[in-house]
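Dear colleague,

I am passing on the structure below for you to open alongside this message. My notes on it follow.

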Amino acid sequence: MTAYYSCDSHVVEPPEVFAGLEQRFGTRAPQILRNPQGKRGTFIAFGKTVFSVGRLGIAGHRLDNPETQELIARGYEGLNPGVYEPEARLKVQEIDGIIGEVVYPGANMLAFGYPERDVVQALFSRYNDWLRDYCSHAPERLVGIACLPLPDVDAAIRELERTAHMGFKGFAIPCSAPPDKPYSHPDYEPFWQAAEASGRPLAMHVFCGSTPDMGLPAHWGSPTGGIVGYTMVHGAIVATIAQLICSGVAERHPGLKFVCCEFETGWLAHVLQRLDHATYRAREEASPDLTMPPSAYFRRQFRATFEDDQLGVMTRHAIGVDNLMWGNDYPHHDSIWPHSQEVLDRIFQGVPAEEKYKMTNENVRKLYGI
């Protein structure tokens with residue numbers, strides 16, 4: 001069995017991560033609800049945004065199987081084995097040939113877009129403390145990504161510095177900035193400086209927008225559940241990539257590294273080509289400081305992750321083999337666990353061994369210093 005390193009996996013936050021927040025913030029705090037308004041199962045609510053705990057931890061089960069729906073209804077009790085206990089998690093991943101994981105949040109993906117900013121700051125602090133303890137059982141195999149409360153710049157810098165001191169190897173920021181303050185805005189400059197000085201990458205994970213709609217049109221439907229919204233969800237990260245590159249952020253901060261996480265990659269080669277041409281056509285809209293075409297900044301400073309995207313692998317040379325990283329998305333329902341070996345054999349058919357090794361192991365280790 002070949003050994004792989006997943007660049008994109010998740011935890012499912014236990015109730016202890018949210019404990020005490022209700023006493024401090026009242027109804028503004030995230031709520032853990034059981035069978036709310038006729039729905040079956042355990043849900044975590046950020047205001048009116050409600051998400052099923054059960055759906056976060058059912059890797060290996062199909063959504064169109066009625067038995068899976070019963071499993072989801074069990075909430076925390078129905079989660080995939082190995083979600084809670086780090087030692088058990090390592091054994092579960094060995095079944096899939098996984099020797100390590102970069103770990104993102106589960107329910108707290110919704111917190112990035114929650115407007116109660118003081119609540120988010122307190123929640124991320126609690127979560128990051130919990131995640132450090134969770135990953136400390138095997139720090140080379142469980143690499144936690146700390147969550148930062150951007151767009152609150154001062155609070156994000158404080159948490160970046162605190163968690164960097166704790167040993168975190170990377171930070172998560174919103175995959176989409178607020179529409180009224182895109183990442184091209186000068187107010188973010190102190191944060192970019194602090195992030196570059198830290199030497200750690202900034203990850204922008206799907207569904208972690210600073211607004212629940214991730215800046216996408218309402219008529220597309222929900223990015224998390226609608227057919228059009230979900231299909232077009234990569235539009236959010238396209239806008240973010242363009243903001244970071246064309247405004248000159250990447251030019252001013254060449255040491256910054258960004259990870260576009262779980263948007264897949266089959267669309268990426270064309271977007272880079274299109275972005276170069278669009279910048280040529282409307283050069284006055286880009287920073288006068290740019291010294292390279294946008295695609296060159298992407299290849300220098302950006303990484304993109306994929307799960308089972310064969311089209312991305314087929315266009316890997318147009319994207320950059322060094323810019324691609326694979327993850328199995330455990331334990332979410334989209335995860336290819338426990339079938340990663342066979343999926344990768346299929347999508348990497350005909351790919352040279354050294355390129356496959358880069359995308360499934362070397363690139364992620366190099367980026368995070370593993």
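**Aromatic pairs**

Because Tyr127 and Trp130 are three residues apart in helix H5 (residues 117–135), about one helical turn separates them; helices here are DSSP runs of H or I with at least four residues, strands are runs of E with at least two, and both are numbered from the N terminus. This is a predicted model, in which local features need pLDDT of at least 70 and side-chain atom pairs count only at pLDDT 80 or more, while totals for chains, interfaces and linings use all residues. Residues are numbered from 1 along each chain as its sequence is written, and side-chain values use heavy atoms, with hydrogens and water left out.

Rings of Phe, Tyr and Trp (for Trp, the six-membered ring) are paired if their centres lie within 6.5 Å, and are called stacked with planes under 30 degrees apart, edge-to-face over 60 and tilted for the rest. The count by this rule comes to 16 aromatic pairs. One of them is the tilted pair of Tyr127 and Trp130, at 6.1 Å centre to centre with 35° between the planes. Tyr127 is buried at a relative accessible area of 0%, and Trp130 is buried at 14%, where buried means under 20% relative accessible area, exposed over 50% and partly exposed in between (1.4 Å probe, protein chains only).

Tyr330 and Trp337 form an edge-to-face pair, 5.4 Å centre to centre and with 65° between the planes; Tyr330 is buried at 0%, and Trp337 is buried at 10% relative accessibility. Ring pairs also link Tyr183, Tyr188, Phe191, Trp192, Phe258, Phe298 and Phe302 into a cluster.

In helix H15 (residues 340–347), the buried residues are Ser340, Gln341, Val343, Leu344 and Ile347. Seen down the axis of H15, they fall within an arc of 165°, so they line one face of the helix; the arc is that of the directions from the helix axis to the C-beta atoms. These buried residues pack against strand E1 (4–10), strand E11 (302–306), helix H13 (310–314), strand E12 (324–326) and helix H16 (353–368), with contact meaning heavy atoms within 4.5 Å.

Ser6 lies in strand E1 and counts as buried at 0% relative accessibility. Leaving aside residues up to four places away in sequence, Ser6 touches Ile98, Gly100, Glu101, Val102, Trp326, Gly327, Asn328 and Asp329. Ser6 and Arg141 are 135 residues apart in sequence, and their C-alpha atoms are 9.6 Å apart in space.

With regards
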